Amino acid sequence: MTVAPERPASLVGARVRRVNDPRLLRGEGRYVDDVHVAGMVHATIVRSPIAHGVLRTFDASACGALLALGPDEIAAATRPLQCVWLAEGQRQTEVLLGDRRVRYVGQPVGVVVALSRAAAEDAAELIELDYDELPTVADQEQALRDGAPLLQPEWGTNVAADFRVGDDAETVEAAMARAARVVERRLVIPRIVPSPMETRGVVASWDANLRELTVWSSTQTPHHVRDHLATSLRLSADQVRVIAPDLGGGFGSKEHLYPDEVMVSLASMRLGRPVKWIEDRVEHFTATMHARDAVHYARLGMDEDGRFVAIASDVIGNLGAHPSNVGTGPFRISGSMLPGPYRFSSAGVRVRGVLTNTTPTGAYRGFGMQEAAWVRERLVDEAARELGVDPVELRLMNMVREDELPHTTPTLQDYDSGDYVEGLSMLRDMVSKREVPSDANPRIRRGVGYGSQVEFTGLGPSPVQKIVGFHLGGFETGVVRVDPDGSVVVSSGVMGMGQGIETTLAQIAADKLGVPLEKVRVTLGDTKVAPYSASGSIASRSMTVGGGAVTRASIALSDKMRRIAAHQMEADAGDVELVDGVFRVKGVPSTGVAFGDVAASTWLGWDLPPGEEAGLEVKDMHEPANISYSYSSHAAAVAVDLDTGKVHIEGYWVTHDSGTVINPMIVDGQVMGGVAQGIGIALYEKMTYGEAAQPTTTSFLDYLVPLSGDVPDLVIGHTEHPAPHIPGGMKGAGEGGTIPAPATVANAVAAAVPEIAGKVLETPLSPGRMWELLHEAGLHDRL
Amino acid sequence: MTIDDTVTGVDLCEVTVIVNGQLRRARTEVRTLLSDFLRHDLGLTGTHVGCEHGACGACTVLVDGTAVRACLMLAVQVDGGEVTTVEGITPDEGLSPLQDAMWAEHGLQCGFCTPGILCSVEGAARAGENVGERLDDLLGGHICRCTGYQNVRAAVRLYCAGGQEAGR
């Protein structure tokens, strides 16, 4: 039985309240815009209003600002930002600051500082700017055509990288040729804006005396930001301190250093004053990385019995105006994870990353895997429709079985542990218990759809990151200390951004050390005190990699205290137990030395066993041996209004396995939030560009995200197959809600309205788009 | 108007307002939004700014008892009035019943949208409205990007049922 076990006596697996919530609920959170430093002034960023051209004039002489830095001054004072995820042969690997060639609306070209944000915006309006405009292209397939405007004319193409993942083309074609049936579709995943509720922002403060730069930044990756800031500003790493305060969400969009954040830091160095910059929401829609935006020409081959043989895709990915920090990474991961939970003898993907005159695309919850799930799970449902079989049965028949794990996919993923069949079977049982609405309205159609996925979490072994060209270390360090008074401090390089990692790391330390949760303080987000974390909180890795380090460090520290207590009681360490804060010799209740007394004496260096070091601090560096593969299956029940095109989600079910669960309340919360974002992708969200590559969805009135009424209460079932290679057994939990949700909703829509099933190839299935599909299918003839 | 006028304050005015039960007086620019006035002139940073175009609801506060988006009002408009922010619906120690229900049900993750939600629900409850019946309506004015809303709804239901003891 793998259904998540109850562990009543343990803090691991306990549904405890989050430790930092009272502060946030009382309005005492400290987000970056709440940081106030004496003498602070305010910046605004000057951005290109055109999508392609050359900035001929930047004249700030009459603007009246405290400081205005134009492109030439910025370029002269900075080094380019290095992209960290590089594809084979990638033609562009760095991003210039202060480039006079502009390639997207929103590209930063200058920074203006004044006494208030409003005054800085006024001053920016008074800067004289003159551009020579160039022709534009926003769509990646148009950018591939002969004669398309070129963003880097010297390349002679807009293709920044062209590579394969998995089997080579010959192997894939040979496998497809052997298939009895091949389902082939053009599937599209549009451009998404991650949209955390808190936009980006920094407060930069240059201390000219100490020659130190302190930057408060709303970031998921404080050390990454520090390293890149130091390089870009020609400082040494020790001169830069990055502090990430409370984060108002990130979802991937805050995983690196942006050019405008360097400009604000440079402004502080020039002025010798603290400078604050807070991105506004309209700005956010063009200045912060977008995500997805991929076209897949995909094929699923199977034998005459419906057994999958091969899966392949030709991916045309829109990189935007330049490769982002992660560049083609999401498109690559779409390829790596395309096989999902199913057996294939061959799988291979060609990826082309294409430049266009749009905001660069990068990381967002689901990172390439939501796209892979969209492609694969739609193809599976299309195959089931063509074969006339039940889509759940087709999935179950093709899933890698528990006894086949570990399993290496043709795309070289070493699936570790789990039971995908169990998860989907359990889901089907959950769905079968639903109450079907007895609505007699013939203009409402109902259907249930399914989707399954395996997720790449816990990035990742550093050697794997080297193989895929991701220039960041993948290990995490945990430092656990018991102070002389018995209180516990946990330091980690991962970052809290709302996912609750402060609480779950505290649960682990408290559990292993045998102290109450309230005794543990978790400190994160300050590069001056946190252990080095190159990758930070991305890729569902905080608990897996960071938590693994804290697990081992806590156990080692607990063992040390037990040895010391045993020595002080003249007993064997194996006979010592910790009961209610007192170390005792088992079976001898009269003995006892208090936890706090052991802590105090160890920090004095008194009464230690021979060879034992004084002090109670353990540092553990955790380099995972493998990726951790979480998985989930989703089901949605939808009602489609044939007359309005509105899709209403009436029920939603999830089975989820993320290895050992530290706090089921928090994991459920991650699933719920992830599904909501997936529903947004399925039904509402799409960033669009119009004429001359002008963005046309730059507010929450144009770019719609789900509201409460759009997201039903989910029914969630957990299974728990620990990661065999992770101390504690945890796998990532942050993205499995988002990854299969759009495909699941679409499969439900296709099941509800079979007449349009073959056309459900692109999200969002907004009322407008749905109405068109329904109309084209002749479902409005009655009117 | 030139930039010098802006920064030297020709358009400054004085706003007198009762905020969270205290009489507050501050000089601010006529164009200052209520959200910026609360945050930057009065230092009440519990009110968060998510979109500045009235769509997300993060900056919701109570003005004369009614929930409003503070980014869609000017500070001068509340002159002589009464404003309640998240700080004003928070007890000196601990949490209010609504806040405690949000904590119990994991009704927040990053917490950025939370003060606005608290003000909307608390405002409706104080006005004697049936919060449980108006749940969709009340939450419909708030974007939360983290929770998927399910636990926010659970928290408000728990609060309506009388809190942790009554609800469980």
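Analyst: A search of the whole structure finds 6 cavities of 30 Å³ or more. On a 1 Å grid over the protein atoms alone, a cavity is a set of points where a 1.4 Å probe fits but cannot get out; a pocket is an open set with protein on both sides within 12 Å along at least five of seven lines; lining residues have an atom within 4 Å of a point. Grid points are joined across faces, edges and corners, and a volume is the space filled by probe spheres set on the points.

This is a predicted model, where local features need pLDDT of at least 70, side-chain atom pairs count only at pLDDT 80 or more, and totals for chains, interfaces and linings use all residues. Residues are numbered from 1 along each chain as its sequence is written, chains are lettered from A and ligands numbered from 1 in the order in which they are written, and side-chain values use heavy atoms, with hydrogens and water left out.

Start with the largest cavity. Its volume is about 740 Å³. The lining has 47 residues, and Met497(A), Ala539(A), Ser540(A), Arg541(A) and Gly734(A) lie nearest the centre. In chain A, α14, α15 (542-568) and α17 (664-683) each give two or more residues to this lining. Helices (H or I, at least four residues) and strands (E, at least two) are DSSP runs, numbered from the N terminus. By class, the lining splits into 23 nonpolar, 19 polar and 5 charged residues. Here Ala, Val, Leu, Ile, Met, Phe, Trp, Tyr, Cys and Pro count as nonpolar, Asp, Glu, Lys and Arg as charged, and the others, Gly among them, as polar.

The second largest cavity holds about 200 Å³. Of its 19 lining residues, His256(A), Leu257(A), Tyr258(A), Pro259(A) and His322(A) are closest to the centre. β4 (81-82) and α7 (259-271) of chain A each supply at least two lining residues. The classes are 11 nonpolar, 6 polar and 2 charged.

Now the open spaces. The largest pocket has about 1,200 Å³ of space. Among its 47 lining residues, Ser116(A), Arg117(A), Ala118(A), Asp36(B) and His40(B) lie nearest the centre. Elements of chains A and B each supply at least two residues, including α3 (117-125) of chain A and α2 (34-41) of chain B. This lining has 17 nonpolar, 13 polar and 17 charged residues.

The second largest pocket has about 700 Å³ of space. β23(A) gives the most to its lining, with 4 residues.
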